[in-house]
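I opened a notebook for this structure. These are my entries, in the order I looked things up.

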Protein chains: 2
Amino acid sequence: MDLKKILDSMDAAEVDSLLILKPENITYLAGYRPSSASVVIVTDEATLYTTKMDMEDASMNSKIPLGEFESTDKIKDHLKGRVGIEKSMPVSLYKKFKEGRELKITEIVESARIIKSPDEIENIGRAIDIAEKSLLDLEFQGTESEVAAQLEYNMKSNGSTKPAFDTIVASGERSSLPHATISTDKLGSPLVIDWGAVYNNYCSDLTRTLVKGEKEMEIFNIVLEAQQEAIKVIKPSIKASYVDKVARRVIEEYGYGDNFIHSTGHGLGLEVHENPTLSKKSEFKLEKGMVITVEPGIYIKGQFGVRIEDDVLVGNRAQVLSSIKKSIN
Amino acid sequence: MDLKKILDSMDAAEVDSLLILKPENITYLAGYRPSSASVVIVTDEATLYTTKMDMEDASMNSKIPLGEFESTDKIKDHLKGRVGIEKSMPVSLYKKFKEGRELKITEIVESARIIKSPDEIENIGRAIDIAEKSLLDLEFQGTESEVAAQLEYNMKSNGSTKPAFDTIVASGERSSLPHATISTDKLGSPLVIDWGAVYNNYCSDLTRTLVKGEKEMEIFNIVLEAQQEAIKVIKPSIKASYVDKVARRVIEEYGYGDNFIHSTGHGLGLEVHENPTLSKKSEFKLEKGMVITVEPGIYIKGQFGVRIEDDVLVGNRAQVLSSIKKSIN
C-alpha cells in the first residue's frame, strides 16, 4: 500500500479523513486481514482499529499502527473534517455517521487497488501456480462433487487458504449453466471446471473445459479463438469494452452470439471479481499493472456449455499469467 | 418462507414494498441462492429478479416467480409506495433509490429468519451431522494445514457445499488466538479445531479442543463447566445476555475472566453469524425455534487456548443438536 498515493487522492477528493469498512480495502491498507469487525481510518496516517479478540494476531501481522475497536461511537472520535466513505457502506452506519459530519462517497481505495504492485502480482501468480498444480494432480473420475472435493483438497494442501469462490465442476447438460452448483452426478462430457486459489489474500480464477466428440470440439475451438483474439488486443489505453467486443464478435460470426450470456472478464486481486469489468458497458480503460480474466463461453441450453478462462497482466502487451494448457483430457 | 408473516410485518412497518439485496435474505425468500447480482421485491407477492446467466438455474430452483434483472433503473419500476430497505443496503444504492421515493430501514427478513422452521432445523441438523462425521474420519497428524485440508475434504465428500467459514486448526501457542489463521506447523498441544459445513445453504459451527497435560486439562474443565452451565439456563423468554453472564461467571470464578475475550455465542442459520448475539450487551430474548452456538473459551497469551462450541436449539428446554463428544484424543 502506497500511503502517499492515498493521501494525494484524499487531497484531490477534498476529504480530510477516510473511513474504511470493506474487508478487502482494510486488507489492502493494513497488509493483513482481521477476522472480526474492524475499521481503518486514514488521516495523516492509516490506523487499523480491531477487536480485542484479534489484537494479538494484528500486533504480529498488521503493517500499520493499531487501535482497539470498542464501539462505533468511539470510532467517530478518530475522524476529522470531511470524511470519505465507501459506496458499499451500509446505510444504517451511514445514517449514524452523518450526524454533524459531512460524508462523501469516494472510491479512493478501490482505485488504488486496480493497479497491482509487483508484490501483488507475485501473490496472484502464486495463487495461479497453486490452482494449476492442483488441477494437474487431479484424476477426472467419479462424481462432480468428488472431483471438486479433491481439487479443493489439492489447493489447500498446496498452500491455498481457501477456494477463491465456490468451485464449479459441471458436466454434461449441466455445463450449460455458467455458474452451476455441484451435483453428485457421475462425470459426463463436456466437463467445465472453474476454480481458483487464494494465496496471501490474493485470488486466482481459471476455467478449463474437457471436451469429447465433434460438436463439443467445434464449440471449444470457437471459444478458444474468441479468447485468443481478445487477449491479442489487450494493451494499455484501449477500452475494456473493446476486449469484450472482440471476443463477442468472434462468437457472433459463428452464429452463437445469443449463447455468450455473460461479460468477457473482470479484474482480479483481493477480490475474485473487482474492477475493471470487461463488458459491453464498461467505462474502464486498460492500464499497465491491471490483472484481468478473459473468459468467453458458449452455453447451449439443454445441450452443453464451454468456457475457457485465463488470467492476464496488462503490460505493454498482454502477459498471460496462467500456463496450464487449454486442452486437458 | 412464510409470505403471510412477511406481508403482516410490512403492514406493521407501514411499507408497501420491500427491496431485498442481501444474498442470505434473497436465499430465505426464494428458497434458492442465485450466483449473480439479484434482487427480491415483495409487494403482494415476492419476485426474484436475477440475471440472464442465472435464469435457467433459477427457473428450476426458485420457489418464487422470476423476472430478469437488467438494470437498477428497471428494478425501480417494480417498487410501489413506501419502500422497506435493509440496513446493509450500500449507501451508493440508497442514494440512487431514494430519489422521489420514501425509504425506510426495516429488519423484516432478518426478524423472520431468527425463528427457524422445521425444514431449516433439519438443514442445520444435516450440516452438523456432516461436520461431525467429517471430524470423526480425521487423523490428527501432520501439520495444521494438512489437518484442515483433510477435514474440508471430508466435509465436501460428505455433502457439504463448502466450509461454513475459514476452518480453524490452531495448536500449541497459536491456540491462544481465537481466530488463528492456519499455519504449516506440525500439530502441537492443545489442538483447537473450529469448523462447520454448509448443507442446502444452512451452516453448522462447532469447536473441539484436544488437550494433553494437567494445565490444559484444568482449563478444559473450566471451559466445559462454563458451557454446560450456560446451556442449562437456555429456555424461551430468558435474556440472551443472561446466557453470556452465566458462562462468564463460571470462568471469572476460576480467575480467568480477562481471558474470555469474545461473546458466548450467536445465532446460526443461512449465515454462520446471525441474530441473536449472546453477549453482555445483547438485547435479544431467547425464543422457541432459535438456533444458537454456545462457545466459551479461555485464551492465555503466550501459552495456549481452549474453546468448546456446540449448536443448540431453543425449545421448552435447550436441545443440543451436536452430539460429538467433548473429549477427543
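I start with a term: two strands pair if DSSP finds at least two bridges between them. Helices (H or I, at least four residues) and strands (E, at least two) are DSSP runs, numbered from the N terminus. By that count, strand 1 and strand 2 of chain A pair in the antiparallel sense, over 3 bridges. A:Leu18 has A:Val42 in strand 2 of chain A as its bridge partner.

I noted the ground rules next. This is a predicted model, where local features need pLDDT of at least 70 and side-chain atom pairs count only at pLDDT 80 or more, while totals for chains, interfaces and linings use all residues. Residues are numbered from 1 along each chain as its sequence is written, and chains are lettered from A and ligands numbered from 1 in the order in which they are written.

**The sheet in chain A**

In chain A, 6 strands form an open sheet in the order 4-3-2-1-5-6, with mixed pairing. Strand 4 (66-68) and strand 6 (103-105) of chain A are its edge strands, and each pairs on one side only. From one strand to the next, the twist averages 25 degrees; axes are lines fitted to C-alpha atoms, for helices over the stretch in contact, and angles run from 0 to 180 degrees between N-to-C directions.

I then checked the neighbours. Strand 2 (residues 39-42) and strand 3 (residues 46-50) of chain A run antiparallel, joined by 4 bridges. A:Val39 stands opposite A:Tyr49 in strand 3 of chain A. Strand 1 (residues 17-20) and strand 5 (residues 83-85) of chain A pair in the parallel sense, over 3 bridges. There, A:Leu19 faces A:Ile85 in strand 5 of chain A.

**Chain A as a whole**

I counted 10 helices and 18 strands in chain A. Its radius of gyration is 22 Å, close to the 20 Å that the globule rule gives for 329 residues, so chain A is as compact as a globular protein of that length. The radius is taken over C-alpha atoms, and the rule is 2.2 Å times the number of residues to the power 0.38. The C-alpha trace of chain A spans about 65 × 40 × 35 Å along its principal axes.

How much of chain A is buried? Buried residues make up 48% of its 329 residues. A residue is buried if 20 or more other C-beta atoms, placed from the backbone, lie within 10 Å of its own.

I looked at helix 3 of chain A for an example. A:Met53, A:Asp54, A:Met55, A:Asp57 and A:Ala58 are its buried residues. They pack against strand 3 and strand 4 of chain A.

**Where the chains meet**

I turned to the contact between chains. Two residues are in contact if their C-beta atoms, placed from the backbone, lie within 7 Å. The contact takes 34 residues from chain A and 34 residues from chain B. Helix 8 of chain A gives the most to the side of chain A that touches chain B, with 8 residues.

I checked the length of helix 10 (residues 240-253) of chain B. Its 14 residues should span 20 Å at 1.5 Å a residue, and its end C-alpha atoms are 21 Å apart, which agrees. The expected span is 1.5 Å times one less than the number of residues. After helix 10 of chain B comes B:Gly255, with a positive phi near 90 degrees.

Terms used. A residue is buried if 20 or more other C-beta atoms lie within 10 Å of its own, exposed if 12 or fewer, and partly exposed in between; C-beta atoms are placed from the backbone.
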